[in-house]
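Student: I would like to learn how to read domains and nonpolar cores. Could we work through an example together?

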Amino acid sequence: MKIEVDKGSGFCFGVVEAIRRAEERLLSDKPLFCLGDIVHNNSEVERLRQKGLITISHEQFFTMSDTTVLLRAHGEPPDIYKYAQSHNIKLIDATCPVVLKLQKRILKSYESGIDDNTQLVIYGKKGHAEVNGLVGQTNGEAIVVEGIEDLSQLDFSRPIVLYSQTTKGLEGLHHLTEVLKNKSARVPVKIHDTICRQVANRIPGIKKFAGRFDLVLFVSGKKSSNGKMLFDICSSVNPNTKFISDLNEIDPKWLENIDSVGICGATSTPKKLLEEVADHLIKMENKKKV
Ligand code: SF4
């Protein structure tokens with residue numbers, strides 16, 4: 001059976017940098033706290049946990065003082081920085097530069113739109129860490145829309161400025177833009193495509209990749225937004241695409257009567273895990289021969 005790992009899959013630079021910052025710090029100072037899972041991938045979180053990285057929740061963070069906390073690539077809202085400052089918490093800020101830039105743009109738009117009653121809209125996943133950080137720039141006032149079904153929350157007699165969570169899909173944004181512009185023809189609507197090209201640029205490659213195999217194993221943490229989006233894309237090209245977070249989730253029945261398997265994943269999936277899935281498949285195949 002032909003087994004191939006997608007060369008375009010693996011961590012994006014934002015995640016690589018956050019992990020590098022964590023590991024660098026852990027060489028000299030242990031344990032180190034990280035606000036939320038450093039990446040939506042259990043095996044990587046566990047690997048770093050063994051090196052001394054302790055994941056804390058936001059609730060825990062707001063009870064701490066006199067310590068050091070790493071902020072992951074997703075970014076955080078301003079109240080985290082304020083609390084840290086007033087409680088002697090040193091922050092190692094590994095917010096991805098792409099997210100940081102987006103936070104600044106949203107803050108600027110928010111401040112300049114207060115006078116003309118502009119509605120600030122974020123196309124993203126409600127409750128997602130990055131989205132919480134973006135909404136935080138607007139004093140909690142930005143309206144989060146996950147899709148067209150959420151547009152009813154908007155007032156179409158007021159100007160609209162929309163930004164996208166970095167890991168949303170381009171097709172979804174284009175569709176939303178079309179519907180939004182039709183609905184609000186009489187007011188100014190500004191759409192900012194702020195989708196990260198580390199994700200968007202993977203789409204053509206992953207589409208081609210998924211189409212070449214009898215079975216596609218898409219490996220990702222269940223909480224990963226771009227994982228869900230890239231999985232949907234693979235499934236649309238190849239209906240025999242299976243979502244797994246761990247190699248133990250592979251059902252041997254999936255391998256019956258097929259000649260090829262492609263393995264790919266999200267920007268939060270380590271390449272090493274994809275390679276482990278490939279090795280596991282080879283072992284499963286070898287067992288069959290015995
Ligand atoms: S997907 Fe893009 S914005 Fe998000 S962490 Fe990676 S590089 Fe940064």
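Tutor: Gladly! Let us start with spacing: the C-alpha centres of domain 1 and domain 3 lie 32 Å apart. Domain bounds here come from an automatic or database domain assignment, which gives domain 1 (2–10 + 199–289), domain 2 (13–96) and domain 3 (98–198). This is a predicted model: local features need pLDDT of at least 70, side-chain atom pairs count only at pLDDT 80 or more, and totals for chains, interfaces and linings use all residues. Residues are numbered from 1 along each chain as its sequence is written.

Student: How many residues does the contact take from domain 1 and from domain 3?

Tutor: Residues are in contact if their C-beta atoms, placed from the backbone, lie within 7 Å. Domain 1 gives 7 residues and domain 3 gives 11 residues. On the domain 1 side, α10 gives the most, with 3 residues.

Student: And how do I read a nonpolar core?

Tutor: It is a set of buried Ala, Val, Leu, Ile, Met, Phe, Trp, Tyr and Cys residues joined through C-beta atoms within 7 Å; buried means that 20 or more other C-beta atoms lie within 10 Å of a residue's own. The largest one here has 45 residues, and Ala22, Ile38, Val121, Ile122 and Leu134 have the most contacts inside it. This core draws at least three residues from each of domain 2 and domain 3.

Student: Which residues does Alanine 22 touch?

Tutor: Leaving out residues up to four places away in sequence, Ala22 touches Leu32, Cys34, Ile38, Leu48, Leu53 and Leu70. Apart from this core lies another, of 23 residues, including Val5, Leu230, Cys234 and Ile263.

Key. Buried ≥ 20, exposed ≤ 12 C-beta atoms within 10 Å, placed from the backbone. Contact = placed C-beta atoms within 7 Å. Helix = DSSP H or I, 4+ residues; strand = E, 2+ residues; numbered from the N terminus.
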